[in-house]
Amino acid sequence: MANDKQGGLMFNALTAGSKIVGNITADSDYRIDGLIEGELNCTGKVVIGEAGRVKGTIVCANAEIMGMMDGKITCHQQLSLRASGKIQGDVHTKTLIVEPGAQFNGTCAMGSDRVAPVK
């Protein structure tokens, strides 16, 4: 967990070269620059950096994808797929932003009535 001394913000981070296999629950934002195989439940924002990869399931409030997501992502508010980002799988979100150059292969269901609340 990192602490931004200027703003006092707390977040979790998985650095490049690290791998987690299993389930993760986070009550604050989570940045992924390594590899997660499993499930991530986060009440905050999930950021997958350019070097980051997730194979499994993500449930979160907001997400920003710059790396690779392979599986299912349920985003309670807004999902941003950046130009370097790739999603292979199913997306359920209230709002979806896709930058030119991003890759999305799968299904998408949008709207607040389609998104299950964050656990």
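Is C75 buried or exposed? Select C75 and take a look: at 0% relative accessibility, C75 counts as buried. (Buried means under 20% relative accessible area, exposed over 50%, and partly exposed in between, using a 1.4 Å probe and protein chains only.)

Before you click on, some ground rules. This is a predicted model, where local features need pLDDT of at least 70, side-chain atom pairs count only at pLDDT 80 or more, and totals for chains, interfaces and linings use all residues. Residues are numbered from 1 along each chain as its sequence is written, and side-chain values use heavy atoms, with hydrogens and water left out.

**Stop one: the cysteines**

Stay with C75, which sits in strand β9 (residues 68-81). Strands here are DSSP runs of E, at least two residues long, and helices are runs of H or I, at least four; both are numbered from the N terminus. A disulfide is a pair of cysteine sulfur atoms within 2.5 Å, and a search of the whole structure finds 0 of them. For another cysteine, click C108: at 35% relative accessibility, C108 is partly exposed.

Next, select E64 in strand β8 (residues 62-65). E64 is buried, with a relative accessible area of 15%. Show its contacts (heavy atoms within 4.5 Å): leaving out residues up to four places away in sequence, E64 touches K45, V46, V47, I48, S80 and R82.

Pick R82 from that list. E64 and R82 form a salt bridge, with their closest N and O atoms 3.1 Å apart. E64 lies in strand β8 and R82 in the loop between β9 and β10 (86-98), so the pair ties together parts that are 18 residues apart in sequence. (A salt bridge is a side-chain nitrogen of Lys or Arg within 4 Å of a carboxyl oxygen of Asp or Glu.) R82 itself is partly exposed, at 24%.

**Stop three: other salt bridges**

How many salt bridges does a search of the whole structure find? It finds 5. One of them joins K19 and E37, with the closest N and O atoms 3.9 Å apart. K19 is in strand β3 (residues 19-26) and E37 in strand β5 (residues 35-42), 18 residues apart. K19 is exposed at 52%, whereas E37 is partly exposed at 28%.

Finish at R31 and D33, whose side chains meet in a salt bridge of 2.9 Å, N to O.
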